[in-house]
Amino acid sequence: WDYVNKNEYYSRQYRGTGTCLDWLNITFNSKDRIIAAGYSSGIMRVILFDQDGQKLIKALKVHNSPISHIRFSGSGDYLAVVSKKGEIFFFKCDTVGVLALKPLCIFPLEVEITCTCWNKMSTHLLVGCRDGRVIEIEAPKEEECDTTETYLKRDLNVKRFTIQMMEFQKPQKDEDDFLLGIEEKREEIIVEWDPEAILSCVYS
């Protein structure tokens, strides 16, 4: 859509229910015209936009469960495709000519991921989780990914953070200094809330 002039440029329907998409950052070759779209079937479609309309570059069955997030790194070197089950499929991107993708590995976090963000150097992927954790994953190195038997890889460098409540967010302690004219202090009970889902995470 051209939102300024309120014109529709392209329209095409693909089979399945779309769940997410991301736009590849502009490069000399892509010229800001390539997107990756995820579907509830676990299929990812890479689409090129040009003067003739939409062109399907490729369609891949990436996950057995619905794709929940797709994220190109800022440099365009990586693509992370996240499933609803918490598995992350990392691809190496070649942006010389039409986008080419080389599968590197599947990293199973096995927790529902709610948001994703690459750092500026495209070396780490930050993910927010439904259980309140924030996890930073170092991008896999191509030479360390052996895909001869499986794409599964469990030994990526990972840092996990649990977000704690600030003092003002905690329930107030209930104290009575006087009861029936006699000073009395109730036993203090510290109440903690259950962790909340992370809604958004970004690098500053």
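This is a predicted model: local features need pLDDT of at least 70, side-chain atom pairs count only at pLDDT 80 or more; totals for chains, interfaces and linings use all residues.
Glycine 38 has methionine 44, in β3, as its bridge partner. That pair belongs to β2 (34-39) and β3 (43-50), which run antiparallel and are joined by 5 bridges. (Strands are DSSP runs of E with at least two residues, numbered from the N terminus; two of them pair if DSSP finds at least two bridges between them.) The hairpin made by β2 and β3 has 3 residues between its strands, and there glycine 42 adopts a positive phi near 90 degrees.

On to the next partner: β3 also pairs with β4 (residues 53-61), again antiparallel, over 8 bridges. Because 7 of its 8 residues are buried, β3 is largely enclosed by the rest of the structure. (Buried means under 20% relative accessible area, exposed over 50%, and partly exposed in between, using a 1.4 Å probe and protein chains only.)

## About the model

Residues are numbered from 1 along each chain as its sequence is written, and side-chain values use heavy atoms, with hydrogens and water left out.

## The chain as a whole

The chain contains 14 strands and 0 helices. Of its 204 residues, 39% are buried. Taking contacts (heavy atoms within 4.5 Å) between residues at least 6 apart in sequence, 45% join residues at least 24 apart.

## The largest pocket

The largest pocket has a volume of about 560 Å³. (A pocket is an open set of points on a 1 Å grid over the protein atoms alone, where a 1.4 Å probe fits, with protein on both sides within 12 Å along at least five of seven lines; lining residues have an atom within 4 Å of a point. The volume is the space filled by probe spheres set on the points, which are joined across faces, edges and corners.) It is lined by 21 residues, and those closest to its centre are Leu21, Ile35, Ile47, Phe49 and Gln54.

Strands β1 (18-23), β2 and β3 each supply at least two lining residues, with the largest share, 5 residues, coming from β1. By type, the lining divides into 12 nonpolar, 6 polar and 3 charged residues. (Ala, Val, Leu, Ile, Met, Phe, Trp, Tyr, Cys and Pro count as nonpolar, Asp, Glu, Lys and Arg as charged, and the others, Gly among them, as polar.)

## An open sheet of 4 strands

Further along, an open sheet has the strand order β9-β10-β11-β12 with antiparallel pairing. Strands β9 (113-118) and β12 (158-162) are at the edges with a single partner strand each, so one side of each is left without a neighbour in the sheet. On average, neighbouring strands of this sheet are turned by 20 degrees against each other, direction ignored. (Axes here are lines fitted to C-alpha atoms, and angles run from 0 to 180 degrees between N-to-C directions.)

Within this sheet, 5 bridges connect β11 (residues 133-138) to β12 in the antiparallel sense.

## Alanine 100

Alanine 100 sits in strand β8 (residues 100-108) and counts as partly exposed, with 31% relative accessibility. Leaving aside residues up to four places away in sequence, alanine 100 touches Lys58, Lys92, Cys93 and Asp94. Lysine 58 is 42 residues from alanine 100 along the chain, and their C-alpha atoms are separated by 9.2 Å.
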